[in-house]
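Please have your viewer open as you read.

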Amino acid sequence: MPSFPAGFRWGVSTSAYQIEGAAGADGRGPSIWDTFAHSPGRIVDGSSGDVACDHYHRYAEDIALMAELGVTAYRFSVAWPRVRPTGSGAVNPAGLDFYERLVDGLLERGIDPVATLFHWDLPQPLEDAGGWLNRDTAHRFAEYADLVAERLGDRVKLWITLNEPFIHMSLGHGTGEHAPGRALLFDAFPVAHHQLLGHGLAVTALRARTAAPVAIANNYSPVRAAGDGPADRSAVAAYEALHNQLFTDPLFGRGYPTELGFDQSAVRDGDLDVIAAPIDVLGVNYYNPTGVRAPEDGSPLPFELVPLDGYPRTAFDWPVAPDGLRELLGWLHGRYGADLPPVQITESGCAYDDEPDADGRVHDPDRIAYLDGHLRAVRAAVDDGVDVTGYFVWSLLDNWEWAEGFTKRFGLVHVDYPTGRRTPKSSYAWLREVIATARRDTAR
Ligand code: GBH
């Protein structure tokens, strides 16, 4: 492995609903994911996050796993319905107490707490009032950001407002594969705008409570045409605008891309200035490049997604393409230039069918190859001139993978269900050596 810049942040990522369990504990309210997972037919294996990895009760063991791994940062998400169960009413101090125990436990082990405020688990009562289609939700989000920062603003080392607002818009409100299960296609645009407005309002709220840096975590994908005709090229342009630009252009003062023809009546005077509040770090979640071709006649979308040939594939069937990460970092650097703040890779990882062997050991050589390739791609991007200051593996633990339930394992640590027993995989041992070497090199 080539060397990394001094101070490079080595982390692992998780999210609340995917690991915590304890769905009814200590005053937590229901979120849209509780409702969705308990609706028949939504989750492939019929499971929910009611128990998940039981991290809410086992967090000390999970901190110990991180300390042993040698990471310098842990990216977790705060469950809004633990902190303010109805989204707009009384605060639940017991919910904040949990995150305080977690944050203090991390700091004791020298691990930087990196807190994401919204990883898709909206309090159900807010959804009942229209959710992110309702502009008020943006204001409720800023109030919640203020509450969390009031308690933890002196200890969290990096704040992330939203996780992948594109996925929450597209799968949650465009196609209905994720909670809250709305299928509005392009009529989901207000969900994009209100999330970004909430982001901007939250940045301002956080600045009043903390001097720590503030970020957003967007997912990006280089887009490749399946053919080379003009119709394929305009399909690529449309998907790039939707996936890579819609949630990023407005952050850097460029407004919304116009070629998508969204109805922008939700955008009020001054909103774009709120959204363009400066951020300190851009969080980049990267999994794979996307293949696109021109849609069939009569399609409601201006593109069609197609599998890319010629790559190894994960258990999710996603192509393994580390060069796509270097390409995408170069694209961000080129497009946003001096406006682009330092980048941290806030998620990168893969699912494989990892199970213990007869001796109880879990071997995941494909994950080692995946991480090796993607870390080298980051290093190459740094050499290309992109300021990348951290890399977080998705995920510390096997966990509850949304609509896929427990069928996809992304962890460095295997989790046995339902016992919750944790077994570090061979990728964990490999990464421990990589991090130890990198930290030793930069300490000199
Ligand atoms: C993230 O979403 C989430 O933040 C996290 O909660 C989740 O557990 C993790 O990733 C793993 O899924 O090549 O056409 O098959 C990831 C969003 C959307 C990225 C689908 C990869 C592949 C589409 N993903 N995409 S395709």
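The notes below cover the ligand site, a cavity and some backbone features.

This is a predicted model, in which local features need pLDDT of at least 70, side-chain atom pairs count only at pLDDT 80 or more, and totals for chains, interfaces and linings use all residues. Residues are numbered from 1 along each chain as its sequence is written, and side-chain values use heavy atoms, with hydrogens and water left out.

**The ligand site**

Let us begin with the ligand, which sits in the largest pocket. Here "sits in" means that more than half of its atoms lie within 2 Å of the grid points. A pocket is an open set of points on a 1 Å grid over the protein atoms alone, with protein on both sides within 12 Å along at least five of seven lines; a cavity is a set where a 1.4 Å probe fits but cannot get out, and lining residues have an atom within 4 Å of a point.

Around the ligand there are 14 residues, and the closest are Gln-18, His-119, Glu-164, Glu-401 and Trp-402 (a heavy atom within 4 Å is the cut-off). By class, this shell has 7 nonpolar, 4 polar and 3 charged residues. In that scheme Ala, Val, Leu, Ile, Met, Phe, Trp, Tyr, Cys and Pro are nonpolar, Asp, Glu, Lys and Arg are charged, and the others, Gly among them, are polar.

| Residue | Distance to a ligand oxygen atom |
|---|---|
| Gln-18 | 2.8 Å |
| Asn-163 | 3.0 Å |
| Glu-401 | 2.6 Å |

Taken alone, the ligand exposes 590 Å², and the protein buries 80% of that (Shrake-Rupley areas with a 1.4 Å probe).

**The cavity**

How many cavities of 30 Å³ or more does the structure hold? There is 1, and the volume of the largest cavity is about 40 Å³. Its lining is made up of Ala-16, Tyr-17, Glu-20, Gly-21, Arg-28, Gly-49, Ala-79, Arg-82 and Asp-121. These divide into 3 nonpolar, 2 polar and 4 charged residues.

**Backbone features**

The peptide bond from Trp-394 to Ser-395 is cis, with omega near 20 degrees. Ser-395 belongs to the loop between strands S11 (388-394) and S12 (413-415). Another cis bond joins Tyr-417 and Pro-418, with omega about 5 degrees, and Pro-418 is in the loop between S12 and strand S13 (422-424). Trp-120 is not a glycine, yet has a positive phi of about 85 degrees; its loop runs between strand S3 (112-118) and helix H6 (124-128). Helices (H or I, at least four residues) and strands (E, at least two) are DSSP runs, numbered from the N terminus.

Terms used
Points joined across faces, edges and corners; volume = space filled by probe spheres on them. Polar contact = N/O pair within 3.5 Å; in protein donor to acceptor, adjacent residues only side chain to side chain.
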